[in-house]
Amino acid sequence: MQARGFHAAPISERVEGISLDDWRASNPRAALGRAVRGFLARAEHDGPDLRQAIVEVQPDALLVDINSWGGLAAAEAWGGPWATFCPYPLALPSRDVPPFGPGLAPARGSLGRLRDRLLRPIVSGTIERTMLPALTDVRQRMGLSPLTDVGEMFLKPPLVIYMTAEPFEYLRSDWPRTVVMVGPCDWDPPAPPPSWLEEITGPIVLVTTSSEFQDDGRLVQAALEALSADPFTIVATMPAGDPTRLAVPVNARVERFIPHGAVLDRAVCAVTHGGMGATQKALARGVPVCAVPFGRDQLEVARRVEVACAGTRLPAKRLTPDRLRHKVLEAVSKAEGAKRVADGFAAAGGPRAAADAFEKQLICCGACVPKW
């Protein structure tokens, strides 16, 4: 950032020291509770951290991560122009999509709409009971009024830069005008491609797990076993795991971390944990995805892969080498759907569209709702 002329400083070490432990939960409701406690613990520090930065820097405008609950409250309380960016599926209720969380397919026909009407209060009720008290606590510390429901959290920012696009995101007739879809803002740390990548001549399957630990290392091991006899080279990354504990076949290479861009440029499929970042990075290059969701928002991401015909979905509870191999081979045949998603992402504009939207927000100076 500094090399490009920006002033940059790290957030509080206390924020970075708090890890999510939702992967320890035995069911989705308990996992949500653990995740909320993690975000709440971070908010105790990221809110005051941003508030102090505002005092020191005197910014013209703010751009805050949607999962920085304290930061969102600090930005709203500040009163100047501000926006949020959301690199995850936006959990904003809509009459046109299923209730968020379980990864349900969009409704078809009257029975599907009835399903959504019956499930919506059950699913949203669990979310409201778990999240709303925590959000109220965070907001009250910043002198803000409580929210009436969790969905209001996504309506408070004058601008939401939503880092996805149709046809990966579901069609809706009731998008708020404050939500601007720009597609994924794909970026890799500047680095030359690894030298060993040039030695690979055949098709590559990229396998990757979460950058925030969630005990999903068995996805890599299953992929190594599943594809060991196929004419692929497997390149696997485990940014939050331990690659040294795996049995690696001769057609595979396992690293803790490498930038994915150069690998994806050569890949015929990406096997992901359903994280939005890795999944959209592959699809933005027209690479189909086999998504194996373990929790968090990954069930929604994996379902979107399937619905967009841009790959396949395999629930983590059903993960075996044989099933994974079948799903990978099926995903490879979905290149046309992946290309369609890539075209949608490109049409949305990416980083330039995000910057343009943010500049329009600056012109409004927080005094009006942007009309895109």
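Is R95 buried or exposed in this predicted model? R95 is exposed, because its relative accessible area is 59%, and over 50% counts as exposed.

**Figure 1. A salt bridge between the side chains of R95 and D174.** The N to O distance of this pair is 3.8 Å. The bridge links distant parts of the chain, which are 79 residues apart. R95 belongs to the loop between β2 and α4, whereas D174 belongs to the loop between β3 (160-162) and β4 (179-181). With a relative accessible area of 25%, D174 is partly exposed.

**Figure 2. A nonpolar surface patch formed by L111, L114 and L118.** Together, these residues have about 310 Å² of accessible area. L111 is part of helix α4, which covers residues 109-141. Because its relative accessibility is 68%, L111 counts as exposed.

**Figure 3. The largest cavity, holding about 110 Å³ of space.** The structure has 1 cavity of 30 Å³ or more. Its lining includes W69, L72, A73, E76, L135, V138 and R139. Helices α3 (69-78) and α4 are the elements that each give two or more residues to this lining. The largest share, 4 residues, comes from α3. By class, the cavity lining has 9 nonpolar and 3 charged residues, and no polar ones.

**Figure 4. A salt bridge between the side chains of E212 and R42.** Side chains of opposite charge can pair when their charged atoms come close. Here the N to O distance is 2.5 Å. E212 lies in the loop between β5 (204-208) and α5 (218-226), and R42 in helix α2 (residues 28-57), so the pair ties together parts that are 170 residues apart in sequence. R42 is buried, at 15% relative accessible area, whereas E212 is partly exposed, at 26% relative accessibility.

Figure 5. R303 is buried, with a relative accessible area of 15%, while E306 is partly exposed, with 28%. Elsewhere, salt bridges that share partners connect D186, D188, D265, K281 and R285 in one network. The structure has 20 salt bridges.

Conventions. Residues numbered from 1 in each chain as written. Predicted model: local features only at pLDDT ≥ 70, side-chain atom pairs only at ≥ 80, totals over all residues. Heavy atoms only, no water. Patch = residues over 30% accessible without salt bridge, like charges linked within 9 Å, V, L, I, M, F, W, Y side chains within 5 Å. Areas by Shrake-Rupley, 256 points an atom, 1.4 Å probe, with all protein chains shown as cover. Salt bridge = Lys/Arg side-chain N within 4 Å of Asp/Glu carboxyl O. Buried < 20%, exposed > 50% of the residue type's maximum accessible area, 1.4 Å probe, protein only. 1 Å grid on protein atoms, 1.4 Å probe; cavity = no way out; pocket = protein on both sides within 12 Å on 5 of 7 lines; lining within 4 Å. Points joined across faces, edges and corners; volume = space filled by probe spheres on them. Nonpolar A, V, L, I, M, F, W, Y, C, P; charged D, E, K, R; others polar.
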